[in-house]
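Here is a short report on one protein model.

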Amino acid sequence: MEKYTRWRDKGTGIAPFLPPTVSNLGFGTLLFQTAVFSLKVILLLPLFVTYGISHSKAILSWILSFLFSWKTDIIVQGVKRRDSDRSRHYPQKGKLYLCNSTSPLDAFVLEMMAQGPSCFLVPQDNVVYKMDKSQYFSFALDGSLNAKRFGREVGSIKQLKSTVNFMFAEGTCSNGKSVLPFALDNAHLLDFLQLPETDRSATLQTIRLKINGSLVTPLKVNRFKYYSTMYTRGVHFKIKINEAQKLIPLEGLRASLNDDNRFKLVSKTLNVESKRRFVQEYSSRSSYRR
């Protein structure tokens, strides 16, 4: 992939927009897997109906576990596993959490953790757009470059008092090798939080998400092929809910989303606009298909 060196960070060598290599299944294997998946869906029909009525997170968890071998490993910083309490330590209503973005499934796993109804925020050109989990799923599969198309503009956190709020501050998905520069600067984030620019005491919590590498979506992905990859590779999330830390400077929050490894943060030039140029180059020169 030497031809894409313009989008490889000079310091770390990381190319955050390169998609994973996912081999295609043979026709016979695909046919068999499709038949087994269809049988599982039929067996789960009563649960689908129940979930449609109740929107129970427990039922959704059972469905995902049965269909996609879904596993979630959650760590709360500063809290021993045996002392972890969902009602106190998991994301709370009315608060904002910053998250990294690598896949369409980010919104699903966050919603199952949220202590209340949730919404997902994606900044684009310093404007924040609100989505539900289905809209975010479609946004990520589409290449995650047009938040305005999938979301609705929202002016401040005060409009979101009744939901648990997750902001994907990078503004687009990467391949999980690093964390991209935020698509919202200090001033606009403080304005969204209704805080004065002179406030240096404000804190935020970050949530680091890591999914198995075959399921990251830095580029546009066919929906059917993505479901197929979920089914054949399984879904495994590792999540770390970090302690609250100072909002300013933003680089501190960005580092916490990168497992506190500042040395593996890519250059600020590898942002959303850089990804747009990469997509144009990659689409015209690559034979990659997913």
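Buried means under 20% relative accessible area, exposed means over 50%, and partly exposed lies in between. The model is predicted.

**Backbone exceptions**

Start with Asp259. Its relative accessible area is 47%, so Asp259 is partly exposed. Asp259 sits in the loop between α10 and α11 (272-285). Its phi is positive, about 60 degrees, although Asp259 is not a glycine. Most residues other than glycine have a negative phi, and most peptide bonds are trans.

Asn126 also has a positive phi, near 65 degrees, and is a residue other than glycine. It lies in the loop between β3 (118-124) and β4 (127-131). With a relative accessible area of 26%, Asn126 is partly exposed.

Which residues does a cis peptide bond join? They are Ile248 and Pro249, with omega at about 5 degrees. Pro249 belongs to the loop between β9 (245-246) and α10 (250-257).

**Burial values**

| Residue | Relative accessible area | Class |
|---|---|---|
| Cys99 | 0% | buried |
| Cys119 | 1% | buried |
| Leu145 | 19% | buried |
| Asn126 | 26% | partly exposed |
| Asp259 | 47% | partly exposed |

**A buried loop residue**

Leu145 is in the loop between α6 (133-141) and α7 (147-150). The cut-off for buried is under 20%. Leaving aside neighbours within four places in sequence, Leu145 contacts Gln124, Phe139, Thr172, Val272, Lys275, Arg276 and Val279. Leu145 and Ser283 are 138 residues apart in sequence. In space, their C-alpha atoms are 14 Å apart.

**Nonpolar cores**

The largest nonpolar core has 50 residues. Those with the most contacts inside this core are Trp70, Leu105, Leu110, Tyr136, Phe166, Ile207 and Val235. Take Phe166 as an example. Residues up to four places away in sequence are not counted here. Phe166 then touches Pro91, Tyr97, Cys99, Leu110, Ala114, Ser118, Cys119, Phe120, Leu121 and Ile207. A second, separate core has 26 residues, including Val154, Leu204, Leu257 and Leu265.

**Cysteines**

How many disulfides does a search of the whole structure find? The count is 0. A disulfide is a covalent bond between the sulfur atoms of two cysteines. To count as one, the sulfur atoms must be within 2.5 Å. The closest cysteine sulfur to that of Cys99 is in Cys119, 11 Å away, so the two are too far apart for a bond. Seen from Cys119, the closest cysteine sulfur is that of Cys99, again 11 Å away and too far for a bond. Cys99 is buried, at 0% relative accessibility. Cys119 is buried too, at 1%.

**A helix pair**

Two packed helices are described by the angle between their axes and the distance between the axes. Helix α1 spans residues 27-43, and helix α2 spans residues 45-54. They pack at an angle of about 55 degrees, with their axes 4 Å apart. α1 and α2 are therefore oblique to each other. On the α1 side, the contact is made by Val41, Ile42 and Leu43. On the α2 side, Leu45, Pro46 and Phe48 take part. The contact residues divide into 6 nonpolar, no polar and no charged.

Conventions: Residues numbered from 1 in each chain as written. Predicted model: local features only at pLDDT ≥ 70, side-chain atom pairs only at ≥ 80, totals over all residues. Heavy atoms only, no water. Axes fitted to C-alpha atoms, helices over the stretch in contact; angles between N-to-C directions. Helix = DSSP H or I, 4+ residues; strand = E, 2+ residues; numbered from the N terminus. Parallel < 35°, antiparallel > 145°, perpendicular 65-115°, else oblique. Contact = heavy atoms within 4.5 Å. Nonpolar A, V, L, I, M, F, W, Y, C, P; charged D, E, K, R; others polar. Core = buried A, V, L, I, M, F, W, Y, C linked by side-chain atoms within 4.5 Å. Buried < 20%, exposed > 50% of the residue type's maximum accessible area, 1.4 Å probe, protein only.
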